[in-house]
Every structure is written in C-alpha cells, then in structure tokens.
Amino acid sequence: MRTQLAGFIRDTAQGDEAQEILQRCVHCGFCLATCPTYQVLGDELDSPRGRIYLIKQMLEGGPVTARTREHLDRCLTCHACETTCPSGVDYGHLLDIGRQEALARAPRSAPATALRAMLRETLARPASFRRVLQIGRLAAPLLPRALRAKLPQAAVDGWPAPRHARKMQVLAGCVQPAMRPGINVAAARVLDAIGISLVALDGLCCGALRFHMDDAEGGRADAAQLAQRALAEGHEAFVMTASGCGAFVRDYAHLLPDDPAAVALADRTRDIAEVLLREKESLLTLIAGRAAGRSLAWHSPCTLQHWQGIKGSVEQLLEEAGYQLTPVPDGHLCCGSAGAYSLLQPRLAGELRRRKLDALQSGSPSGIASANIGCITHLAGDTDLPVRHWIEWLADCLPA
Ligand code: SF4
Ligand code: SF4
C-alpha cells in the first residue's frame, strides 16, 4: 500500500515502523473472514483492512474524528487477522500507533477519560483491586451472574514449599491472583511434582492494562519495573499462567528495545504449557490417563494462539492426561473478553461470548478449559459449566 506520511510523523521511529507495516498490505481482504468485529457488525471500517485504511489516512494528515477513534476502539486486538494475513502485516503494532494518534487528535470526553483512568488504577494495582473485590464479595447475593463470576475465589492453600534445586519464577500479576488464586497454586503443585519449585513474583503488573487503556507511558514504566525485579532474582525461567500477560511480556523487546533487562526478560519468558511440554516424560509418569472418561471443551485465548503462536500444546497435555476434548467450531475466534474490552464494549463482548459459548457447549462437555484469567471469568459469566484454567484441570490428575 503506497503511503505518503504527513510531516508530523515522517522520519520518526513510529513513522518508519508504520510505513513499513502499511506497505505490506495488499488489500486482499482475506483477514475480513476471521475478524470477529466484522463478523458481528458487517462494516468494513470495523474490519482489519478498514482500520488499516483509517490509520493510513490519519498518518497521511487526513481528518481524525471521534468516529475514527471508535472504529479503532472496537478492535479486540485479538490478532486473528495477523494469523490469517498472507502478507505478514504486523497489524497489532500498527494499531498501537494508530490508537495513540487518534487519541491525541480526537480526545475522549471527560467522563470516558475518567472511567479508563479509574479502571487502570484499580485493575493494575493488586492491593486496590483486592480491596474492590472484597467489597464485591459482601454484595455477591445481590449481583447478577455475569458479575458474580468476576468475584474472587476464596484463598487456596497448597503452594508447595520451595524444596528443589530447579527453580522457576511465576508472575503473580494483578488480576489473576486476586480473582483465581488457585491457578498459580495448581501450577506450583504440578511443577513441584516433577522436580521444579515455583516462586511467585508478587505485587507487580506487566504493563498491559495501562498500555491498552490510553496510558502507553505508564505501561512502559510498569514493564521496565517488572523486568528489573524479575531479572534480579535470576531463576531458570519466567513462567506465565495468564496468556494475556505472557503475550505482552514477550513483546517487551519491541516495547522497550533500549532496556537490556526488558529484552532479556522477554527472552526468558515461557508459557506454562511450553514448560510442561519440555518436561512431558516425567509429567506423564504421574498423570497419564488419570482423567479418563471426563470431557472438556478447550478455548484457546487469542493471546495464546494468535499473539504467541502456541497451538496444540495444551490440547496435547490434556489429552495425555485422559481428557476427551470435544469439538469446538471456529476455535480461532475471540470470546469478547480482551482485557477491559468486556467492560468498555459490553454489547459486542456479550454477543461474542454468546457465540463462543454456543460453540464450546456444542459437544456437550462437562467443563471448559482456558488459559487466561480474562477469558475464564468472562465465559463463566454466562454458563453453568465450570470454567477453569487448564492447569487446574491438569492438577486434578496429580496423585493425592
Ligand atoms: S485484531 Fe481482531 S478485532 Fe482487531 S481487526 Fe484484527 S481480527 Fe479484527
Ligand atoms: S489479509 Fe493482510 S494484506 Fe490482505 S487486506 Fe488483510 S492485512 Fe492487508
């Protein structure tokens, strides 16, 4: 796509990056078929190709309105379009540039700005988020099911004491340990059973929440702080049990290319599925076949399958444990959770959840497994099936 960048961005690092990405797009439109917002809304401007045009026009000096910003806001950043694109268009990084520009030239209203600031400062601070959830638990009987599903699980015991020479670190993160503390406990139990102690890094956010809610600099600051703290402790690997955080940390080299700690941490980061696949032989001696007769539907988060390109690993581990995975049509499509998207775009997020749950439940499973806290609580808001992280389902198979 030929592009004539306007003077305000020409010959800048962002301009060069945008130009490089834009020129790869050949307008073929293959990406439209896998874009969830285009499937629901049917408007080209809510498709990847339409958003690429909007960003191109903006960077060429064209007008920017609140409508431009809204079309970009409605993107889930699911990256399904990147997986589909035959030309290798790096849509996600182009969208980051486009959103910053749209926000600068068509600012949000004061209430919308305040809402995002409030969400950022609540969700990205583990201590304040825990306080909000504790208040929510008191009101639980009065809340609708969708909100009750977002309330925290009670504290879970059972994290094994560090007793092995091999040690890995896990990001506790901001949202997950407050809402579902059992996920990291399950990861620690599974790793402990195969000779690896898991140590939690508490009290820090990876930066994704701020970065994706209008505060790119705040997100970078969170990332730099996390990288310093994590590297200082020097464990064998930095393990992720929330695929959303994992995808963001693995992109630190792009986010903070001049920060050696951030670049090194990105390199050391592994999803828990990758860690366990490498240790599969010792794991299988403990769990092979122990879940025989139980069925699950697997929902692979976009941040696992499209951002990190991890496909088939979780399925393999669950099947080796004996779970029967039921067929799930359109497994590449987003469930509508997408960070704070379900709070900011509730209509679209609700429709995508309805479609996703229909697909997940079509094979009559006895439960649903996923890999990201946002997807898990979003899906749990509208189904009676248990929705858990896959590592929790796997930990059920450990010998007592
Ligand atoms: S990231 Fe997802 S929602 Fe956004 S344009 Fe691409 S496919 Fe559509
Ligand atoms: S599939 Fe790729 S090249 Fe084709 S329109 Fe979409 S982004 Fe452009």
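Modeller: Keep in mind that this is a predicted model.

Colleague: What makes H3 the element that gives the most to the shell around ligand 2?

Modeller: Helix H3 (48-59) supplies 3 residues of that shell. Helix H5 (80-84) also supplies at least two. In total, 15 residues surround ligand 2, and the closest are Cys 25, Cys 28, Cys 31, Cys 85 and Val 89.

Colleague: How many residues of each class are in the shell around ligand 2?

Modeller: The shell has 10 nonpolar, 4 polar and 1 charged residues. Cys and Val both count as nonpolar.

Colleague: Why is H11 called largely enclosed by the rest of the structure?

Modeller: A residue is buried if 20 or more other C-beta atoms lie within 10 Å of its own. In H11, 9 of the 12 residues are buried, so the helix is largely enclosed by the rest of the structure. Among them are Ile 183, Val 185 and Leu 191. The buried residues pack against several elements, including strand E1 (166-171), strand E2 (196-201) and helix H17 (272-278).

Colleague: How do you know that the span of H11 is close to the expected one?

Modeller: The expected span is 1.5 Å times one less than the number of residues. For the 12 residues of H11 (residues 182-193) that gives 16 Å, and the helix reaches 16 Å from its first C-alpha to its last.

Colleague: Which elements give two or more residues to the side of domain 1 that touches domain 2?

Modeller: In the domain assignment, domain 1 is 13-105 and domain 2 is 287-395. Contact involves 12 residues of domain 1 and 12 residues of domain 2. On the domain 1 side, helix H2 (36-41) and H5 give two or more residues.

Key: Residues are numbered from 1 along each chain as its sequence is written. Chains are lettered from A and ligands numbered from 1 in the order in which they are written. This is a predicted model: local features need pLDDT of at least 70, side-chain atom pairs count only at pLDDT 80 or more; totals for chains, interfaces and linings use all residues. A residue is near a molecule or strand if its C-beta atom, placed from the backbone, lies within 6 Å of it. Helices (H or I, at least four residues) and strands (E, at least two) are DSSP runs, numbered from the N terminus. Domain bounds come from an automatic or database domain assignment. Two residues are in contact if their C-beta atoms, placed from the backbone, lie within 7 Å.
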